[in-house]
Protein chains: 2
Amino acid sequence: MTGQPPIVGVTMGDPAGVGPEIAAKAFADPRCRVACRPLLVGDADVMAEAVALTRAGLRVRRIASVAEARFDPATIDVLQVGAFDVGGLARGRVSPACGRASYDYVVGAIDLAMSGAIQATVTNPINKEAVAAAGLPSTGHTEIYARRTGTKRYTMMLVEGEFRVAHVSTHVSLREACDRVKKARVLEVIVLADAACRALGIARPRIAVAGLNPHAGENGLFGAEDRDEIQPAVGEAVAAGVAAEGPLPPDTVFSKLRGGLYDLVVAMYHDQGHIPTKLLGFQYDAKAGRWTSVAGVNVTLGLPIIRTSVDHGTAFDLAGTGQASCDSLLSAVGYAAALANSRRDSSPGEASG
Amino acid sequence: MTGQPPIVGVTMGDPAGVGPEIAAKAFADPRCRVACRPLLVGDADVMAEAVALTRAGLRVRRIASVAEARFDPATIDVLQVGAFDVGGLARGRVSPACGRASYDYVVGAIDLAMSGAIQATVTNPINKEAVAAAGLPSTGHTEIYARRTGTKRYTMMLVEGEFRVAHVSTHVSLREACDRVKKARVLEVIVLADAACRALGIARPRIAVAGLNPHAGENGLFGAEDRDEIQPAVGEAVAAGVAAEGPLPPDTVFSKLRGGLYDLVVAMYHDQGHIPTKLLGFQYDAKAGRWTSVAGVNVTLGLPIIRTSVDHGTAFDLAGTGQASCDSLLSAVGYAAALANSRRDSSPGEASG
């Protein structure tokens, strides 16, 4: 590999969502070009319309292989996957055609990364209903990546600046989330989180492990999981050399994370981690009646390839307006590039992931 | 009642914690004296030491009844409850004597408010272990207040500026919290929250009701409580004239609250509400290795008397250093005074609570 910036494949997301527009904006941003050599995996016609909608002022180049990409800052290289009928596109609507296309873009990006043709992948939002309407399994990106790469141990990390959270479980009911707080899984996530921080250049990551129950259970007074599952997992992690601490009271650990006492918090369930991260990254303006910023990056840990993502959805209400913010996508591209550089800098042959 | 500011009774909290010190600081702050006529319910000897530790520069006056209070800004009027042995005080330690004393201060303040001698109460932190060591039921302030005032329907509201959260449950395990998400209880909390906002002068409170499960369950995909319990409760609240909305996805509703779209969020469990409120109100400085600010107020809704509280604990690690911040206590005093003024301004004989 040369000293050139990594090639990062960005999926277009659901054609009816904000993905194409925020991609057009992000590809026009110099920060994107400094961080990496970006490539869009999707449809050139849809991107041409997105460029017009956002007045991004870029040319769209349809290519059939990574080798054809020129990475010219005035151009979006679009690796064409399938042939989407842009004439029939209804923005802001669920459709089987969009579900099918968005799924194919994801699979295309995964395969390019697995083959080594690109060094990292970044995903734009897909719509679960649309994917289901196309007759495909109604799952999220993370599950598609895990299945296609044969990965069994993985987790979702959310990042907003130096605020990082890895999750023991995500899209399950809160009752099932309680059931999933088991020593082996908690330990697995601590280890994945530690590796992720090291890959980001943190020499000795300080990992805070949140409790499950209020006040981390007050020694069994409010629930036993903190004492019986989380505490032993933290003990084993420490014995294995990880600077882990916990279980800590969930209601103050995120203030400590923001204050710089830790590099990452291991959260026990979806909202325990998502509520504080989105409170920091999402800005809603009541007067304007809209989100003015949706920063934050979603990183899948444990995969053999690099995958980051925006941490918002298709935002059908904004699609076609050119108003959606590309902050989160720019952060996701930056993160993917940083992880790719870190992986390249590791010794050849070293297994990372 | 005259046009004078309300008399607010502030309990001293556990003598070994930061309560006495932050009370000394707060009583020395002009904002406290503008908001109300403050009275300390506790021990004069402990307060004299706290004044010295914090260099608050106030005189301590031991009084036996509210009628003796002078409310001189250069003085702390201490309504003496019992006789604490200050010579034997070990700051930062759990002790039965401190547990007993802190409990007695709370009961003293409740009885003064129930008798009408004071118009509101504000509590400093007690330590559950110490209360238990004294052979008393190991519960929190809220439970003591509910029992002593014979209140059955109540809830905890956390407030940080315009950020208000009322809780369906608090100090129970997360599994039990799931069990407690029942239509009748959710409706009860929505109604208490609406009344609390009106008491704060909000003419038509906009109440957001958070879901229990990720994405508010995605219509039953991740748990049924959102659809089967919360949604009907919101429906009944709306039918009763409350501007309630929900169940809303928990991971973005707090960003919307902060953005001004709502006046209050009804949270389904302790950490759902506590994590975002403390993330906004608590500032931790890793370099200094300590909390630099712990703002935020805890208000018990549904009581026949007014009770607000700091939203932090005894902070035994800071006790005796004079370093603890009185921000949260000042906010709690201000809130108690505002609620007392609002109650006074209601028509005579009107039942409020």
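Student: Which side chain of chain A meets D251(B) in a salt bridge?

Tutor: This is a predicted model, and its side-chain atoms place a nitrogen 3.2 Å from an oxygen of D251(B). The partner of D251(B) is K278(A).

Student: How many salt bridges are there between chain A and chain B?

Tutor: The pair of D251(B) and K278(A) is a salt bridge with one partner in each chain. The count between chain A and chain B is 6 salt bridges.

Student: Which element of chain A gives the most residues to the side that touches chain B?

Tutor: Elements that each supply at least two residues to this side are α7 (174-179), α10 (250-258), α11 (270-281) and β11 (282-285) of chain A. By class, the side has 19 nonpolar, 14 polar and 11 charged residues. The top contribution is 9 residues, and it comes from α11(A).

Student: What area is buried between chain A and chain B?

Tutor: The contact takes 44 residues from each of chain A and chain B. R175(A), I275(A) and L279(A) supply 17% of the area that chain A buries here, more than any other three residues. Carbon and sulfur atoms give 62% of the area buried between the chains, which is about 3,900 Å².

Student: How many residue pairs are in polar contact across the interface of chain A and chain B?

Tutor: Both residues of a pair must reach pLDDT 80 or more to be included. With that condition, the rule finds 16 residue pairs.

Student: What relation do chain A and chain B have to each other?

Tutor: Chain A can be laid on chain B with an RMSD of 0.1 Å, by a turn of 179° and a shift of 0.0 Å along the axis. The interface residues of chain A are, at 100%, also interface residues in chain B, so the copies meet through the same surface.

Student: How far apart are the centres of domain 1 and domain 2 of chain A?

Tutor: Domain 1 of chain A takes residues 1-151 + 310-353, and domain 2 takes 153-302. In the contact, 17 residues of domain 1 of chain A touch 24 residues of domain 2. Taken over C-alpha atoms, the centres are separated by 27 Å.

Student: Which element gives the most to the side of domain 1 of chain A that touches domain 2 of chain A?

Tutor: The area buried between these domains is about 1,800 Å², with 60% from carbon and sulfur atoms. The count between them is 0 salt bridges, but 4 residue pairs are in polar contact. On the domain 1 side, α6 (141-149) and α12 (327-345) of chain A each supply at least two residues. With 7 residues, the element that gives the most is α12(A).

Student: How far apart in sequence are the parts tied together by R62(A) and D45(A)?

Tutor: R62(A) forms a salt bridge with D45(A), with the closest N and O atoms 2.9 Å apart. R62(A) lies in strand β3 (residues 59-63) and D45(A) in helix α3 (residues 44-54) of chain A, so the pair ties together parts whose separation in sequence is 17 residues.

Student: How many salt bridges does the rule count over all chains?

Tutor: The pair of R62(A) and D45(A) is a salt bridge within chain A, and that of D251(B) and K278(A) joins the two chains. Over all chains, the count comes to 34 salt bridges.

Technical notes: Residues are numbered from 1 along each chain as its sequence is written. Chains are lettered from A and ligands numbered from 1 in the order in which they are written. This is a predicted model: local features need pLDDT of at least 70, side-chain atom pairs count only at pLDDT 80 or more; totals for chains, interfaces and linings use all residues. Side-chain values use heavy atoms; hydrogens and water are left out. Contact means heavy atoms within 4.5 Å. Buried area is the accessible area (1.4 Å probe) that two parts lose on being put together, summed over both. A salt bridge is a side-chain nitrogen of Lys or Arg within 4 Å of a carboxyl oxygen of Asp or Glu. A polar contact is a pair of N or O atoms within 3.5 Å; within protein, one must be able to donate a hydrogen and the other to accept it, and residues adjacent in sequence count only if both atoms are side-chain atoms. Helices (H or I, at least four residues) and strands (E, at least two) are DSSP runs, numbered from the N terminus. Ala, Val, Leu, Ile, Met, Phe, Trp, Tyr, Cys and Pro count as nonpolar, Asp, Glu, Lys and Arg as charged, and the others, Gly among them, as polar. Copies are superposed by least squares on the C-alpha atoms of residues with pLDDT of at least 70 in both. Domain bounds come from an automatic or database domain assignment.
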